[in-house]
Structures are given as structure tokens and as C-alpha cells.
Amino acid sequence: MTDHVLVERPEAYPGVQVIRFNRPEKKNAITRDMYAKMTNALTVAGTDPAVRVTAFLGTPGCFSAGNDLGDFLAVAMGGSMGSDLLEFLRALAGATKPIVSGVDGLAIGIGTTIHLHCDLTVASTRSLFKTPFVDLALVPEAASSLLAPRIMGHQRAFALLAAGEPLEAAEALKAGLIWKIVDEEAVEDETLSLAARLGKKPPEALRIARDLIRGDRQDVLARIDEEAEHFAAQLKSAEARAAFEAFMRR
């Protein structure tokens with residue numbers, strides 16, 4: 001259902017486009033339709049001069065539990081993975097305008113790695129970041145195997161991406177994954193206020209500054225594709241099928 005992602009332009013925050021996860025009954029787990037809608041929103045943001053900044057938000061207590069495991073299980077049982085996830089990741093990595101995010105509560109899998117592509121992330125004190133890729137017999141995605149070591153160093157990146165160790169908000173701040181911690185009630189307003197302040201800055205100067213800070217993104221796009229090949233292969237593996245089936249039986 002496409003209304004599991006809401007795309008909004010709040011009047012109180014001019015220049016800001018909000019992409020909001022809206023599937024709280026499933027902890028905002030992301031389906032293929034949701035990826036397609038987010039990709040379209042990012043594409044529109046890149047060409048519409050009225051959009052200066054994009055902000056990702058979840059629902060109270062949960063940013064996103066990551067990919068919908070039902071979709072993954074279907075692939076593991078012989079279905080097609082499709083291109084929706086990969087197209088979203090490419091649009092995210094290739095975005096030409098600032099992206100901010102606000103996290104309250106759970107941020108699992110891509111619910112964590114998405115923030116590696118954000119320019120500023122605000123998180124609540126109760127936020128928890130975790131990437132159980134290897135536990136599901138999968139591998140890192142979203143170029144996280146490249147970006148996380150750059151941002152937080154090898155040991156923290158390995159603990160997060162390979163060992164599946166969680167990061168609480170204070171640890172995520174120290175690691176450089178997020179920019180600021182606020183009370184849970186303040187996450188949305190702080191995120192959108194931050195986005196609106198960025199949106200008021202001279203757009204071309206901001207674009208150049210962002211490009212200089214982020215550097216050439218070709219290596220990021222190449223790593224997304226490399227990870228995707230391994231991810232797709234692992235998704236069809238016997239060990240992944242067993243891991244998904246065990247998870248669904250919980």
C-alpha cells in the first residue's frame with residue numbers, strides 16, 4: 001500500500017519535503033511498493049525548485065524495522081527480488097539536495113544504514129540502531145560496508161554490520177552516525193526545523209558545499225551494486241532460507 005509512505009510538504013516548514021514511514025503496525029517495515037514511492041519522491045525533490053531539503057521520519061517509537069521479511073522470504077523461496085530496493089538506494093546516494101532524518105526508537109537494517117546517506121540525523125534518547133544482516137545470512141547494503149568504516153572506524157563498523165551489535169543513541173552519537181540527541185517529543189520538530197533552516201540557505205552555495213564534503217559518489221554507487229550482487233545471491237541461499245523461516249516462526 002502506497003499510503004504506508006506519506007510524502008508531505010508541511011506549510012510550517014517551507015522548502016521541506018517529508019518522507020514519512022507510516023506502517024506502525026509492522027514497525028514501519030519497508031515493502032517494495034514503499035521503496036518505489038520513496039524513489040519517486042527523491043526524484044521529484046531533485047528536479048523541483050520548491051523542494052530544498054528532504055526529511056525522513058518514522059512514527060513514535062519506531063523509525064523502521066528494515067526490509068519486510070515477508071518480501072525476503074518470498075525471494076528466498078524462488079521469487080524475484082525486483083529492482084525497487086536498488087533503485088531507491090541509488091536515488092538516495094545520488095541525491096543532489098540535503099537529506100536529514102529524525103529517529104525515535106527502533107532503527108533496524110536499512111532503518112540504520114539510510115542515515116549514512118543523510119547529512120544530519122536527529123535521534124531520541126530511546127533510539128536503537130542495529131543491523132542484523134549476518135544473523136539473517138545476508139550481507140551489508142546501502143554501501144554501508146564502505147561508508148560505515150569511513151565514519152566510525154573498522155571496529156565499530158564491524159561490530160554494527162557483521163557482529164550485529166546494537167548502538168544506543170549515545171553510542172551512535174560518539175560513532176558519528178547521528179548528529180544530535182533530543183527528547184522523544186522533540187524529534188520531529190527538531191528535524192523539520194533543522195531542514196527548514198537549511199532550506200533558507202543559498203541553494204547553489206549549499207549544493208557545492210555538500211558536494212565538496214561528500215566527495216565523488218561513484219565509489220558509493222559502485223559499492224551499492226557490489227553489495228547488491230552478494231545480497232541477492234545470499235538471499236537465495238539455503239542458510240538464508242533457514243534463517244528467515246526460523247525468524248517467522250518466532
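Residues are numbered from 1 along each chain as its sequence is written, and side-chain values use heavy atoms, with hydrogens and water left out. Because the model is predicted, local features need pLDDT of at least 70 and side-chain atom pairs count only at pLDDT 80 or more, while totals for chains, interfaces and linings use all residues.

Helices here are DSSP runs of H or I with at least four residues, strands are E runs of at least two, and both are numbered from the N terminus. Two packed helices are described by the angle between their axes and the distance between the axes. The axes are lines fitted to C-alpha atoms, for helices over the stretch in contact, and angles run from 0 to 180 degrees between N-to-C directions.

Helix H5 spans residues 144-152 and helix H6 residues 154-161; their axes come within 7 Å and cross at roughly 135 degrees. H5 is therefore oblique to H6, the class left over once angles under 35 degrees (roughly parallel), over 145 (roughly antiparallel) and 65 to 115 (roughly perpendicular) are set aside. The crossing of H5 past H6 is right-handed, a term used if the near helix is turned clockwise from the far one by less than a right angle, with anticlockwise giving left-handed. On the H5 side, the contact (heavy atoms within 4.5 Å) involves Ser144, Ser145, Ala148, Pro149 and Met152, and H6 contributes His154, Arg156, Ala157, Leu160 and Leu161. By class, the residues of this H5 and H6 contact are 6 nonpolar, 3 polar and 1 charged. Here Ala, Val, Leu, Ile, Met, Phe, Trp, Tyr, Cys and Pro count as nonpolar, Asp, Glu, Lys and Arg as charged, and the others, Gly among them, as polar.

H5 also packs on helix H10 (residues 218-235), at an angle of about 130 degrees and with the axes 8 Å apart. This makes H5 oblique to H10. Ser144, Ser145, Leu146, Leu147 and Arg150 of H5 meet Asp219, Val220, Arg223 and Glu227 of H10. The H5 and H10 contact has 3 nonpolar, 2 polar and 4 charged residues.

The loop between strand E8 (128-130) and H5 holds Ala137, and Ala143 is found in the loop between E8 and H5 as well. Neither is a glycine, yet phi is positive in each: near 65 degrees in Ala137 and about 60 degrees in Ala143. Ala137 is buried at a relative accessible area of 10%, where buried means under 20%, exposed over 50% and partly exposed in between (1.4 Å probe, protein chains only). Ala143 is buried too, with 0% relative accessibility.

Leu89 sits in helix H3 (residues 84-93) and is buried at 4% relative accessibility. Leaving out residues up to four places away in sequence, Leu89 touches Ile110, Ala142 and Ile224. Leu89 and Asp225 lie 136 residues apart in sequence, and their C-alpha atoms are 9.5 Å apart in space.

Turning to the cysteines, a search of the whole structure finds 0 disulfides, a disulfide being a pair of cysteine sulfur atoms within 2.5 Å. The sulfur of Cys62 has its closest cysteine sulfur in Cys118, 16 Å away, which is too far for a bond. Cys62 is buried, with 8% relative accessible area, and Cys118 is buried at 9%.
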